[in-house]
Amino acid sequence: SWNDFLRGARAGHAVQIYANADDLANSVAAFLATGLAQGEPAVVVATPENAARFRAGLAERGADAAQVEALCVHADARQTTLAILGSGSLPSPVDFERIVGGLIDGAGALAPGRRVRVFGEMVDVLAAEGNIAAAVALEELWCTLAEQRDFSLLCGYRLDVFDSETQLGILPDVCRTHSHVLPARNYPRLAGAVDRALNEVLGREEADRIYQRLAGQPEGETVPMAQRILMWISENRPMSSRRILATARSHYGSPR
């Protein structure tokens, strides 16, 4: 579960999908603060704007400023992305290992024997530029690096989960390459919005059939049901999907 990932019971590769930068900041601050409380070092590869939000979030959680300074290694997401791309359109495995692996090794040296916590948004930088192939390739490089080093990774993607092109395009690959997926910071609210939209557009009986179809699938261990439903209807119910997505967006954006 997401809470298990935060506690760091085992290494994982998680993703926070967000629309509001403050939602990302809350998740990243919780991820880093939990690790710092356990003496775990961190690597933060972020844009300057988000890095400032993370620092504020850590301060709000009472994180010790001296410990944050001592155990956190920072790098600029855009500059690091350019460095691993070099002159090509896809990330270089050699440069990725040298640069990102070096950051993790440097953080690990700050607290030997402790697992490193990493936040990275290079993938989001690439996705925002429309270079989806590079973003997916970078996720694969992260998975490979995790076989060689002991770290937990949280990625961030600024995506609209109520957009049909997003659901059919990048989101399936995002879900496939992560061990934990949080499609919205307030997941119970998202799940309720999706359920209400299914019921209103398709009817309760058909909504229940979709739940039954998706229940028990392997993806259920990593991708929450509401997100799986949105991907499934986008692919399999194109005539209804836009209305369901729009209705779910309306319910998610308004309190019950």
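Helices here are DSSP runs of H or I, at least four residues, numbered from the N terminus. The model on screen is predicted.

**Stop 1: glutamine 227**

Select glutamine 227, which is found in helix H13. Its relative accessible area is 0%, so glutamine 227 is buried. Now show what surrounds the residue. Leaving out residues up to four places away in sequence, glutamine 227 touches Val161, Gln167, Leu171, Cys175 and Pro183.

**Stop 2: the largest nonpolar core**

The largest nonpolar core has 61 residues, and Phe96, Ile104, Leu138, Trp142 and Tyr157 touch the most other members. Which helix gives the most to this core? Helix H13, residues 225-236, does, with seven residues.

Pick leucine 138 next. Not counting residues up to four places away in sequence, leucine 138 touches Ile84, Pro91, Phe96, Met122, Val123 and Leu126. Another core lies apart from the largest one. That other core has 25 residues, among them Ala14, Leu24, Phe54 and Leu154.

**Stop 3: helix H8**

Select residues 132-146. This is helix H8, with 15 residues. From first C-alpha to last, H8 reaches 21 Å, close to the 21 Å expected at 1.5 Å a residue. Color its buried residues: Ala134, Ala135, Val136, Leu138, Glu139, Leu141, Trp142 and Leu145.

**Stop 4: helix H7**

Move to residues 122-128, helix H7, and pick methionine 122. Methionine 122 counts as buried, at 1% relative accessibility. Draw a C-alpha to C-alpha distance from methionine 122 to arginine 78. The two are 6.7 Å apart in space and 44 residues apart in sequence.

Now list the contacts. Setting aside neighbours within four places in sequence, methionine 122 is in contact with Val45, Ala77, Thr80, Thr81, Ile84, Phe96, Val100, Leu138 and Trp142. Leu138 and Trp142 are among the buried residues of H8.

Step along to valine 123, also in helix H7. Is valine 123 buried or exposed? At 1% relative accessibility, valine 123 counts as buried. Its C-alpha is separated by 7.2 Å from that of glutamate 139, 16 residues away along the chain. Beyond residues up to four places away in sequence, valine 123 touches Ala135, Leu138, Glu139, Cys155, Gly156 and Tyr157.

**Stop 5: aromatic rings**

Show the side chains of the aromatic residues. How many aromatic pairs does a search of the whole structure find? The search finds six. Take tryptophan 2 and phenylalanine 5: their ring centres are 5.8 Å apart and their planes meet at 45°, so the pair is tilted. Both residues lie in helix H1, residues 2-7. They are three residues apart, about one turn of the helix. Both tryptophan 2 and phenylalanine 5 are buried.

Go next to phenylalanine 96 and tryptophan 142. This aromatic pair is edge-to-face, with 5.2 Å centre to centre and 85° between the planes. Why does the pair tie together parts that are 46 residues apart in sequence? Because phenylalanine 96 lies in helix H6, residues 93-110, and tryptophan 142 in helix H8. Phenylalanine 96 is buried, with a relative accessible area of 2%. Tryptophan 142 is buried too, with a relative accessible area of 2%.

Ring pairs link Trp2, Phe5 and Phe31 into a cluster.

**Stop 6: a charge over a ring**

Select arginine 189 and tyrosine 252. The charged end of arginine 189 sits over the ring of tyrosine 252, 5.6 Å from its centre.

**Stop 7: the cysteines**

Finish with the sulfur atoms. How many disulfides does the structure hold? The structure holds zero. A disulfide needs two cysteine sulfur atoms within 2.5 Å. Start at cysteine 72. Cysteine 72 counts as buried at 9% relative accessibility.

Then pick cysteine 155, which valine 123 touches. For cysteine 155, the closest cysteine sulfur is in cysteine 143, at 8.6 Å, again too far for a bond. Cysteine 155 counts as buried at 1% relative accessibility.

Key: Residues are numbered from 1 along each chain as its sequence is written. This is a predicted model: local features need pLDDT of at least 70, side-chain atom pairs count only at pLDDT 80 or more; totals for chains, interfaces and linings use all residues. Side-chain values use heavy atoms; hydrogens and water are left out. Buried means under 20% relative accessible area, exposed over 50%, partly exposed in between (1.4 Å probe, protein chains only). Helices (H or I, at least four residues) and strands (E, at least two) are DSSP runs, numbered from the N terminus. The expected span of a helix is 1.5 Å times one less than its number of residues. Rings of Phe, Tyr and Trp (its six-membered ring) pair if their centres lie within 6.5 Å; planes under 30 degrees apart count as stacked, over 60 as edge-to-face and the rest as tilted. A charge sits over a ring if NZ of Lys or CZ of Arg is within 6 Å of the ring centre and within 35 degrees of the ring normal. A nonpolar core is a set of buried Ala, Val, Leu, Ile, Met, Phe, Trp, Tyr and Cys residues joined through side-chain atoms within 4.5 Å. Contact means heavy atoms within 4.5 Å.
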